Amino acid sequence: MGAAPDRSPRKLGSSRGLSLWRHRYADQGLEGLQDKPRPGKQPIYTKATDKRILKLLDKPSPEGFARWTGPLLAEALGDVDVQYVWRFLRSHKIDLAARKSWCESNDPNFTAKAADVVGLYVAPPAKAIVLCVDEKPSIQALERAQGYLKLPNGRALTGQSHDYKRHGTTTLFAALEVATGKIIATH
């Protein structure tokens, strides 16, 4: 018996590769042109591992840490390499540093109120004017030093420094007058 046929992909110009495909077609017809399964190492991590990572991300980060990191996730999972954790996060476009947070309402009627507000935007009543008033509480009134920083190579970097003077907080109330387009704002 001869050696097993070589199943590795070949360049189109390779005479050995063309010969292999011609023989496959001659022996098996169109079925012979289908790619054959190749032996390989079984994956270490499965869909179950992926679910474990996602489930862990739903839990609060360990005490003393503001958020999850790749190494923290790998350590908490115990049997998953940190490189796999990073690959999984990238493939699912999960950015741990940019994860957003939100507040949950303790108002028992919140769902009904939210449905009413969303309903106004999705299907407003005929000849109705929808007015939105929003409040942004506790805005930090900061005064930042601005200007430029001269670098040793002679270039200048513009922007804001991290130094600032705190002037307390303010609350912004704003509304839009739909008929005129005028914005009414009060601090």
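Modeller: Lys 93 is a place to start: with a relative accessibility of 76%, Lys 93 counts as exposed. Here exposed means over 50% relative accessible area, buried means under 20%, and partly exposed is in between, with a 1.4 Å probe and protein chains only. This is a predicted model, in which local features need pLDDT of at least 70 and side-chain atom pairs count only at pLDDT 80 or more, while totals for chains, interfaces and linings use all residues. Residues are numbered from 1 along each chain as its sequence is written, and side-chain values use heavy atoms, with hydrogens and water left out.

Lys 93 sits in the loop that joins α4 to α5 (110–122). Its phi is near 55°, which is a positive value in a residue other than glycine. Helices (H or I, at least four residues) and strands (E, at least two) are DSSP runs numbered from the N terminus. The protein chain has five helices and three strands, in the order α-α-α-α-α-β-β-β from the N terminus. Of its 187 residues, 12% are buried.

Next comes α4 itself, which spans residues 82–91. Tyr 84, Val 85, Phe 88 and Leu 89 are its buried residues. Viewed down the axis of α4, these fall within an arc of 135°, so they line one face of the helix. The arc is that of the directions from the helix axis to the C-beta atoms. Arg 90 and Ser 91 are exposed on the other side of α4. Arg 87 also belongs to α4, and at 46% relative accessibility Arg 87 counts as partly exposed. The C-alpha atoms of Arg 87 and Gly 70 are 9.8 Å apart, although 17 residues separate the two in sequence.

What do the buried residues of α4 pack against? They pack against α2 and α3, where contact means heavy atoms within 4.5 Å. From the other direction, the buried residues of α2 pack against α3 (70–77) and α4.

Helix α2 covers residues 47–57, and its buried residues are Thr 49, Asp 50, Ile 53, Leu 56 and Leu 57. They take up an arc of only 125° around the axis, which puts them on the same side of α2. Lys 47, Lys 51 and Lys 55 are exposed on the face of α2 turned away from that buried side.

Two packed helices are described by the angle between their axes and the distance between the axes. The axes of α2 and α4 come within 11 Å and cross at roughly 80°. Axes are lines fitted to C-alpha atoms, for helices over the stretch in contact, and angles run from 0 to 180 degrees between N-to-C directions. The two helices, α2 and α4, are therefore roughly perpendicular to each other, a label for angles of 65 to 115 degrees; under 35 is roughly parallel, over 145 roughly antiparallel, and the rest oblique.

On the α2 side, Thr 49, Asp 50, Ile 53, Leu 54 and Leu 57 make the contact, and on the α4 side Tyr 84, Val 85, Phe 88 and Leu 89 do. These contact residues divide into seven nonpolar, one polar and one charged. Ala, Val, Leu, Ile, Met, Phe, Trp, Tyr, Cys and Pro count as nonpolar, Asp, Glu, Lys and Arg as charged, and the others, Gly among them, as polar.
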